[in-house]
Amino acid sequence: MSAAPATSPAAAARGLSRPALAALVAAGVVVLCIAPFLVKNYRVFQFNLVLIYAVAILGLNILTGYNGQISLGHSAFFAVGAYCAAIMMDRWGAPYWSTLVPAAALCFAFGFLMGFPALRLGGHYLALATLALALAVPQLLKYKKIEAWTGGVQGIVLTKPEPPFTFELFGSPLNQDRWLYFVTLGVTIVMFVLAWNLLRGRVGRALIAIRDHPIAAGAMGINLPLYKSTAFGVSAAFTGVAGAMSAVVVAFVAPDSFSSFLSITFLVGVVVGGLASIPGAVFGAIFIQFVPNIADQISKSAPWAIYGVFLIVFMYVMPGGVAGLGQRLFRRRSAAP
């Protein structure tokens with residue numbers, strides 16, 4: 001599975017003057033900051049999940065979109081990150097913000113080790129191997145020998161952190177969900193900046209070269225085993241951070257919450273947003289969070305059938321995802337006299 005990288009935000013912004021671009025960024029920041037105060041708590045909770053899914057989809061896109069390795073096992077890394085945060089908070093009393101780095105480090109090590117057997121696999125063989133991982137991890141989390149840590153089938157119930165100060169805007173107070181929205185937004189921005197700096201440089205060019213022409217990349221001196229394993233590790237680390245944030249936002253983890261269907265959902269988000277596109281992860285996250293709810297409102301008896309219709313139509317209209325559509329529109333605008 002390969003795709004040419006979509007048009008970068010920098011390229012898309014070349015048609016804008018500096019004042020216009022600054023005004024656009026400032027308007028976006030203002031909208032993001034006031035948005036949680038204009039809606040109810042449940043909608044804020046959904047916004048939090050969109051940001052979390054965006055980070056997870058970005059992690060999978062690093063592996064699949066930029067390096068060409070297909071994974072159906074990222075729900076396992078999501079689960080490891082979530083349980084790492086939950087155990088640290090529940091058993092050790094660690095503050096929620098201190099769980100992100102350990103979750104990322106643990107998932108990086110897990111993903112890096114998973115990358116070694118992936119060196120001998122490719123295409124659908126790798127997809128099946130990672131699917132086995134996704135199927136195994138929820139069962140391992142129920143294992144009685146570690147039930148004292150994981151909570152077994154019952155999982156772990158957490159307490160959402162209280163905001164450090166009181167604040168009110170438009171009659172809406174800064175409650176737990178709104179505070180977590182700003183925390184999650186900050187983490188998401190950091191992760192996207194890290195991905196942007198990683199993928200636009202030497203590492204990103206090496207990953208794309210391996211995806212497109214692995215033999216030529218090896219002939220050019222690129223260490224294929226190291227880069228492919230590192231891509232797996234970095235991808236897992238991003239997904240682990242998303243899992244840790246989900247544990248904090250949802251305030252509950254259980255093995256059945258991380259089924260293999262979650263991995264497929266992440267892959268849907270990657271394809272909908274656009275392969276090899278950093279901003280596309282946001283659009284993919286919006287799709288997987290809100291379209292199932294819309295489908296459920298349309299038909300209570302067959303919501304997944306409606307979801308399937310949405311997905312088929314979406315891919316027919318935008319086969320390259322939202323990023324691909326943006327690329328086509330940008331090219332058409334650039335070609336216009």
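How many aromatic pairs does a search of the whole structure find? The search finds 18 aromatic pairs, where rings of Phe, Tyr and Trp (its six-membered ring) pair if their centres lie within 6.5 Å, and where planes under 30 degrees apart count as stacked, over 60 as edge-to-face and the rest as tilted. The model is predicted, with local features needing pLDDT of at least 70 and side-chain atom pairs counting only at pLDDT 80 or more, while totals for chains, interfaces and linings use all residues. Residues are numbered from 1 along each chain as its sequence is written, and side-chain values use heavy atoms, with hydrogens and water left out.

One of these pairs joins Phe77 and Phe110, whose ring centres are 5.3 Å apart and whose planes stand at 75 degrees, so the pair is edge-to-face. This pair links distant parts of the chain, since Phe77 lies in helix H4 (residues 74-91) and Phe110 in helix H5 (residues 100-118), 33 residues apart; helices (H or I, at least four residues) are DSSP runs, numbered from the N terminus. Phe77 counts as buried at 0% relative accessibility, whereas Phe110 is partly exposed at 27%; buried means under 20% relative accessible area, exposed over 50%, and partly exposed in between (1.4 Å probe, protein chains only).

Trp92 and Trp149 also form an edge-to-face pair, with 6.3 Å from centre to centre and 85 degrees between the planes. Here too distant parts of the chain are linked, with Trp92 in the loop between H4 and H5 and Trp149 in helix H7 (residues 147-150), 57 residues apart. Trp92 counts as exposed at 57% relative accessibility, and Trp149 is partly exposed at 44%.

Elsewhere, ring pairs connect Phe37, Phe47, Phe167, Tyr181 and Phe182 into a cluster.

Technical notes: Helix = DSSP H or I, 4+ residues; strand = E, 2+ residues; numbered from the N terminus.
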